[in-house]
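I opened this model to look up its helices, its nonpolar cores and its charged pairs. My entries follow in the order I made them.

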Amino acid sequence: MLQQTQVKTVVPYWERWMRALPDIASLAKARQATLHKLWEGLGYYARVRNMQRAARIIMREHGGEFPRTFEQVLALPGIGRYTAGAICSIAFNQPTPALDGNVTRVLARLFEIRGDPRQREVSAKLWQAAEDLVNRARTGRGRSGCSTLNQALMELGALVCTPTRPRCGLCPVNERCAAHRLGHEGELPGRTRRIPATPRRFIAIVAQRDGKVLVRQRPAGVVNAHLWELPNLEVKNGHPDAAQAARALLGAAPGKLEPLCTVKHSITRYRITLEAFRATGAAVAGTTKDRWLDSVQIERLAFSSAHRRILREMLNEMGKAI
């Protein structure tokens, strides 16, 4: 959950998750719909599917016990070098480096490591510095030196050695920091050229009939795979109006069409504008995957955040908040 997501966002999700699926065995056996519903709103849904794949491997190959070596942890689906290092050092106090964005910033400044951290040579220097430090922590006092060090580096980057206006006066290692000594804090780490954001526009149709709403499930292999959504399409070339979009999505022209709301959100580098229109009286052709559901049924399914916001807007107007 903490991959690409802040702690303050994760905490309520984690608490809810642990009430529903408190151990590896229950995760391995859970229905995919249950996983998506518990994860609803966190995004990057491949993470939760990878987590279940990992749980099943642990049950099958490790007797239900989470593996304790770096190589075994790294082999699990959805776990990369950083996550494996963080788990092994923090949970098992092993001398494995854990280089996230915060730690990268601390080490780049501390040791005056210049260049783009995404470049192979620069990245190798940063990983080596992290490895050297955690190996030294292993031989220090106490029984949790590796765990304490990596957590301290993460917190130092998050709270003191911040991207802008670092609080060098409060830093416990400011006397050893090369960037602070030379006045280069603002120059490190080297910044990468950001890819410009790409705007995208979608139209969604909220088709209503007999107190129910038409929804569809996204296929496998796409963003937000297996989640549910309202019928929608991307507007690329030209500017089709809502009526044209409704005909394309529903297979028929709606009897009545009116604006409902506009939702703006981001997925990676895309800045998405999703315009929703309420349609009534449409003779929907539909597909075998289409479902007409009421508010209670909709609440049981996992939707992307943008489509959940549209449904909430519609049902709030009807006095049926979800």
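**Helices**

I began with helix 9 (residues 145-159), which has 15 residues and reaches 21 Å from its first C-alpha to its last, close to the 21 Å expected at 1.5 Å a residue. I note that the model is predicted. In helix 9, I find G145, C146, S147, N150, L153, M154, L156 and G157 buried. The cover over these buried residues of helix 9 includes helix 6 (81-92), helix 7 (101-110) and helix 8 (120-138).

I then took helix 1, where 14 residues reach 20 Å from first C-alpha to last, close to the 20 Å expected at 1.5 Å a residue. I list V10, Y13 and W17 as the buried residues of helix 1. Among the elements covering them are helix 2 (24-29), helix 3 (32-39) and helix 4 (46-61). V11 also sits in helix 1 (residues 7-20), and V11 counts as partly exposed because its relative accessibility is 36%. With L2 and V7, V11 makes a nonpolar surface patch of about 260 Å².

**Cores**

I looked up the largest nonpolar core next: it has 22 residues, and V213, L230 and I310 have the most contacts inside it. At least two residues of this core come from each of strand 1 (198-209), strand 2 (212-217), strand 5 (256-267), strand 6 (270-280) and helix 13 (305-317). Helix 13 gives the most, with 5 residues. For L230 I noted the residues it touches beyond four places away in sequence, including V206, V213, I310 and L311. A second, separate core of 20 residues includes A98, A129, M154 and C161.

**Salt bridges**

My search of the whole structure finds 11 salt bridges. In one of them, the side chains of R200 and E234 meet at 2.8 Å, N to O. R200 is in strand 1 and E234 in strand 4 (residues 232-235), 34 residues apart.

R216 forms a salt bridge with D290, with the closest N and O atoms 2.7 Å apart. R216 lies in strand 2 and D290 in the loop between strand 6 and strand 7 (291-293), so this pair ties together parts 74 residues apart in sequence. Are R216 and D290 buried or exposed? R216 counts as buried because its relative accessibility is 17%, and D290 counts as buried at 11%.

I also checked E258 and R278, whose side chains meet in a salt bridge of 3.1 Å, N to O. E258 lies in strand 5 and R278 in strand 6, so the pair ties together parts 20 residues apart in sequence. E258 counts as partly exposed at 30% relative accessibility, whereas R278 counts as buried at 12%.

Last, I noted a network of salt bridges that links K37, E40, E299 and R308.

Notes: Residues numbered from 1 in each chain as written. Predicted model: local features only at pLDDT ≥ 70, side-chain atom pairs only at ≥ 80, totals over all residues. Heavy atoms only, no water. Patch = residues over 30% accessible without salt bridge, like charges linked within 9 Å, V, L, I, M, F, W, Y side chains within 5 Å. Areas by Shrake-Rupley, 256 points an atom, 1.4 Å probe, with all protein chains shown as cover. Salt bridge = Lys/Arg side-chain N within 4 Å of Asp/Glu carboxyl O. Helix = DSSP H or I, 4+ residues; strand = E, 2+ residues; numbered from the N terminus. Buried < 20%, exposed > 50% of the residue type's maximum accessible area, 1.4 Å probe, protein only. Core = buried A, V, L, I, M, F, W, Y, C linked by side-chain atoms within 4.5 Å. Contact = heavy atoms within 4.5 Å. Expected span 1.5 Å × (residues − 1).
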